[in-house]
Amino acid sequence: MTKPAPKDWILGISPYVPGKSAADDGRQLVKLSANENPLGTGEAARAAMVAATADLATYPDPGAAKLREAIAAAHGLDPARVIYGTGSDELLHIAASAYAGPGDEVLYVRYGFSVYDIAARRVGATPVIAPDADYATDVDALLAAVTEKTKLVFLANPNNPTGTMTSREEIARLHAGLRPDILFVLDQAYAEYLDADEDDAGLELAKNASNMFVTRTFSKIYGLAAERIGWGYASADVIDVLHRIRAPFNVTTAGQAAAIAAVNDTAWVEASRVHNRQWREWLAAEVASLSNHGLRAVPSKANFLLILFDGKLTAEEAMKGLWDEGFATRWLPGQDLPNGLRITIGTEDQVRKVAAKLRAMAEAA
């Protein structure tokens, strides 16, 4: 050997591809490709973050005690069982690192979040993909794919990139059908966009189940994507294991302060949720009116729509046409969705312009 050799399975990883913010010719675009909050960051979180930057020479609280207490108070949880990470991505990765490895299988649904595949392959485990049910989670298919080698099940709810929602009854049925030695990781990155009666009760399950790990993020509705703050909840035993490999000082002082303010700013969260629901449903109706041109929006409970193009207008053509209008969206051939565009719900003006451009392109095709 003339140079260091990586593990074989590392070379099998396709790196995560972030949403575009520029066209191929370098033009900067309105970024509707990463599911960020179009309303920005709440003033309370912004002010808390700025105030916390007064001391940049001192390490942040390694235990994030005040952040854990704020999260626990907001959700009725035990703060000792709240873990925090560099976005929820870190937590997904350390869950795989702690509970899976070579010879093990990590299971997730087709059209699942692309990080699941990376997290599994990173530790040498084998990714196993269960069939979907019309772009939604098929619990029976997941359970049928479980083998003696299965160590971890990842499921996003609402799902990314499809936006589909699995009911609390189906989440409970999936959990009940898994062996107790399989860790069920329920990724709730978009949970704050749900109405109260739509909650999948994952956190309630995690209060008592020994093999349930729920993750959430401050990157979406809270408008703190730049700070990379996530959190999770599980049994004391699981949390103890995850802390052993969590990066130290992984959430900055300013990030902790901003997240504390954000989780307590319920008015901002509600305003963001109402805006998203109104314009997501409006855009879905606009797409439905173009069904005779082969466009279809997958039913979504997140802050985006997955639009399928099965007529003369292709998803790639639509993406490039939206570039011309100044918008970046997420084309998904790498996730076996060459006919799909995932479009973040933007401001009213942005959503109306996207809809008008889609209509013009579909009718001209």
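This tour moves through a predicted model, from the whole protein to selected strands, a helix, a loop and the cores.

**Stop 1: the whole protein**

Begin with every residue displayed. The protein has 12 helices and 13 strands. Its C-alpha atoms fill a box of roughly 60 × 55 × 50 Å along the principal axes. A compact globule of 365 residues would have a radius of gyration near 21 Å, and the value for this protein, 21 Å, agrees with that. Of the 365 residues, 53% count as buried. Consider next the contacts between residues with a separation of 6 or more: residues 24 or more positions apart account for 74% of them.

**Stop 2: the open sheet**

Select the strands β2 to β8. Together they form an open sheet of 7 strands with mixed pairing, in the order β2-β8-β7-β6-β5-β3-β4. Which strands are at the edges? They are β2, residues 82-86, and β4, residues 126-130, each of which pairs on one side only. From one strand to the next, the twist averages 25 degrees.

**Stop 3: strand β5 and its partners**

Now select residues 150-156, which make up strand β5. This strand is mostly covered, with 6 of its 7 residues buried. Two pairs can be picked out here: Leu107 has Val153 as its bridge partner in β5, and Val106 has Leu152. Then turn to strand β6, residues 183-187. The strands β5 and β6 also run parallel, joined by 5 bridges. Here Ala156 has Asp187 of β6 as its bridge partner.

**Stop 4: helix α8 on the sheet**

Select residues 236-245, helix α8, which packs on the sheet. The helix touches β2, β6, β7 (212-217) and β8 (229-233), and its direction makes about 30 degrees with that of β2. Which residues of α8 are buried? Val238, Ile239 and Leu242 are buried. These residues lie on the same side of α8, because they cover an arc of only 95 degrees around the axis. On the other side of the helix, Asp237 and Arg244 are exposed. Display the surroundings of the buried residues of α8 as well: they pack against β2, α3 (87-99), β6, β7 and β8.

**Stop 5: the loop at Gly124**

Select Gly124, which lies in the loop between α4 (114-122) and β4. Is Gly124 buried or exposed? Its relative accessibility is 13%, and a residue under 20% counts as buried, so Gly124 is buried. Leaving aside neighbours within four places in sequence, Gly124 is in contact with Trp9, Gly101, Pro102 and Gly103. Use the distance tool on Asp104 as well: this residue is 20 residues from Gly124 along the chain, and the two C-alpha atoms are separated by 8.1 Å.

**Stop 6**

Move to residues 337-344, strand β13. Because 7 of its 8 residues are buried, this strand is largely enclosed by the rest of the structure. Centre the view on Leu341 in β13. Ile307 stands opposite Leu341, and Trp331 also stands opposite Leu341. Finally, follow the chain from β12 to β13: these strands form a hairpin with 4 residues between them. In the turn, Asp336 has a positive phi of about 65 degrees.

**Stop 7: the nonpolar cores**

The largest nonpolar core has 48 residues. Which residues have the most contacts inside this core? They are Phe184, Met212, Phe218 and Trp231. Select Phe218 and show what surrounds it. Not counting residues up to four places away in sequence, Phe218 touches Leu67, Ile71, Gly223, Leu224, Ala225, Ile229, Trp231, Ala259, Ala262 and Val263. A second, separate core has 29 residues; to find it, select Ala23, Leu29, Val287 and Trp323, which are among its members.

Note on methods. Residues numbered from 1 in each chain as written. Predicted model: local features only at pLDDT ≥ 70, side-chain atom pairs only at ≥ 80, totals over all residues. Heavy atoms only, no water. Pairing = 2+ DSSP bridges. Axes fitted to C-alpha atoms, helices over the stretch in contact; angles between N-to-C directions. Contact = heavy atoms within 4.5 Å. Buried < 20%, exposed > 50% of the residue type's maximum accessible area, 1.4 Å probe, protein only. Arc of directions from axis to C-beta. Core = buried A, V, L, I, M, F, W, Y, C linked by side-chain atoms within 4.5 Å. Rg over C-alpha atoms; globule rule 2.2 N^0.38 Å.
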